[in-house]
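Visitor: Please show me the model, and then let us go through its folding in questions and answers.

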Amino acid sequence: MTGPDISPPATAAAPAAPSDERVREIGPLRRFLARPEFGSISGAVLVFAVFAVTAGDSGMFSAEGIVNWATVAAFLGIIAVGAALLMIGGEFDLSIGSMIGFAGMMLAIPALYWGWPLWVACLFTFVLCAALGAVNGSLVVRTGLPSFIVTLAFYFILRGLSLALSTMLTGKTILSNNEGVALRDLVSSDYLFSTLFSGHVLTGLFNAMAGWGWIAARDGGGALAIGVPKVVVWWLLLTAIGGFVLARTRRGNWILAVGGDANAAKNTGVPVARVKVSLFVVTALCSALFAVLQVADAGSAAADRGLQKEFEAIIAAVIGGCLLSGGYGSVVGASIGALIFGVVQIGIGYTSIDNNWYRVFLGAMLLAAVLFNTYIRKRVALGRR
Amino acid sequence: MSNLDHILELEDVSKFFGTVIALNGVTLRLRRGEVHCLLGDNGAGKSTLIKTLAGVHLPDKGEYRVDGRTVHFKSPREALDLGIATVYQDLALVPLMSVARNFFMGREPRKKLIGPFHVMDHDLARRTAIEKLADMGIRVRDANQVVGTMSGGERQCLAIARAIHFGARVLILDEPTAALGVRQGVNVLKLIRRARAKGISVIFITHNVNHAYPVGDSFTLLNRGRSLGTFSKGEIAKDKVLDMMAGGAEMQTLMAELEGVTI
């Protein structure tokens, strides 16, 4: 549109000419390179390749091994989806980890000490966390303060509350039973709760596969890997929903617009405040879901749960291609970022490598991802060199 | 004394910010289908004037009429609903989003997916964006192209085409050519011509007489919050416009000092 430089005016008369000599053809490879998921996909390929070589015959890629790292990835993936959407919307939430600890307590205390049915306590937890997310979001939107500082406040407030409230109400900071009632029994006896949050799916298929000798079986005949844990199902479901909303819906366009340039979004009629607050609520709900699934899995709640999870979620989102400045990123990428986490965290145990290298690897991965994202944004997305 | 020839009328409008008199009894009448250039140097009150027209500010004194009816806009949205669209200098475009996504930002077309669920109609958005831009003589090969890769002129054109598509009867353009090179500036001027040919009335804010003169039907000059009057093209020569804008005699002296500088 800078106008034809060479062609005479006669040929320039057709306004919608199919080609523009000023626009370079972009091949499919370059298109793939420009996708926000590219970094995480190549990272995942690399990580799988490394472990296939170093731990290929150690059982890491057996059914139990896969379930093992998939579970770790799934827990992180659930909060990474929320963190990614929020980051694409231009904000951060540093209170994710504290929210996890707090939510677990808010589930366990009413169920164990106040005699609430577990599903009621669960509903209470989700509503409470959603409300806290809304408070976080409203504070950021109303005051115009960076979300970094507002949610840092909640990072301390919620962690402190989990410890203080549980000590005040129960005298303990780790809750698994009270007066002979075990949390684990409450979980298994609450049909609604256990159907949604506890146990596995596809157990029949796994047993059948064990029967055919495809995967390892126990002495009794059932599969060694019981089935696909429900947390994995939640993770995949949330990733699919999050990815769909972002790419295909009006709400997704709003999230991108709000994160890309909040002022421009406002001037074109996007309800900026509502979008941002709702993203904080979604992130808080993801933290609550993490906590509920963890309580169901562990049979206990502890006030120090979820420590540093906010960082892991943000790192997964960044590995997944989300820009720290907002407006660009991918939910699917963030989930693949979480997968990388799970594979490395569990995979290292299958190799002879010292576990402490895990954190070194994470830091290096984060740095590489940020550098790569910045480069890609300049080079491909904005066409600069 | 309203006149239906005029789509917008500001009658003796003043606007104060504390002790500052931003506008002092300004009268501006925009005829239907004309390009009305609003000229003035920095601090002349151009921004306050367009923000008043756009519904951001309510005038403290005087009257604002649209189609002969007095209006009191509480928000820019209300002005927009009457077809008064303002393209500000920041253009309200998101560089990291595609042409199609930007074109429909805040007004996304939707189609039914299943039951109560709707999705954004990306095909329609892409097709419409390309089509409407082509209508305005702008060629975009790929609606998925990211706006950040476009030049300043292309972005300006995109923002204007968007405003026209969403039903603008009056386009208020805030210094659309200010940051552009010669060729791109000309493209924007062409676009203003096209908009007028479609029957859209345009208020074109600029301090560049060379851009204003070729496309303008009438000119209003602002200086230090006051209107120096409105002139139709036949009434006033380009040099005279420039003269009044720059503060006449003062500028002449300065020019003489800066030896050899001519405009």
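Visitor: In chain B, what share of the contacts with a separation of 6 or more comes from residues 24 or more positions apart?
Guide: This is a predicted model, in which local features need pLDDT of at least 70, side-chain atom pairs count only at pLDDT 80 or more, and totals for chains, interfaces and linings use all residues. Residues are numbered from 1 along each chain as its sequence is written, with chains lettered from A and ligands numbered from 1 in the order in which they are written. Two residues are in contact if their C-beta atoms, placed from the backbone, lie within 7 Å. For chain B, the share asked for is 67%.

Visitor: What radius of gyration does chain B have, against the value for a compact globule?
Guide: The radius is taken over C-alpha atoms, and the globule rule is 2.2 Å times the number of residues to the power 0.38. With 263 residues the rule gives a value near 18 Å, so chain B agrees with it at 20 Å.

Visitor: Which residue of β12(B) stands opposite Ser218(B)?
Guide: Strand β11 (residues 218–223) of chain B pairs with β12(B) in the antiparallel sense over 6 bridges. The residue opposite Ser218(B) is Ser232(B).

Visitor: How many residues of strand β7 of chain B are buried?
Guide: A residue is buried if 20 or more other C-beta atoms lie within 10 Å of its own, exposed if 12 or fewer, and partly exposed in between, with C-beta atoms placed from the backbone. β7(B) (residues 110–114) forms a hairpin with β8(B), with 2 residues between them. β7(B) is hardly covered: among its 5 residues, the count of buried ones is 0.

Visitor: How are helices α11 and α16 of chain A oriented, roughly parallel or roughly antiparallel?
Guide: Axes are lines fitted to C-alpha atoms, for helices over the stretch in contact, and angles run from 0 to 180 degrees between N-to-C directions. α11(A) (residues 230–248) and α16(A) (residues 331–350) pack at about 150°, with their axes 8 Å apart. Angles under 35 degrees count as roughly parallel, over 145 as roughly antiparallel, 65 to 115 as roughly perpendicular and the rest as oblique. Therefore α11(A) and α16(A) are roughly antiparallel.

Technical notes:
Helix = DSSP H or I, 4+ residues; strand = E, 2+ residues; numbered from the N terminus. Pairing = 2+ DSSP bridges.
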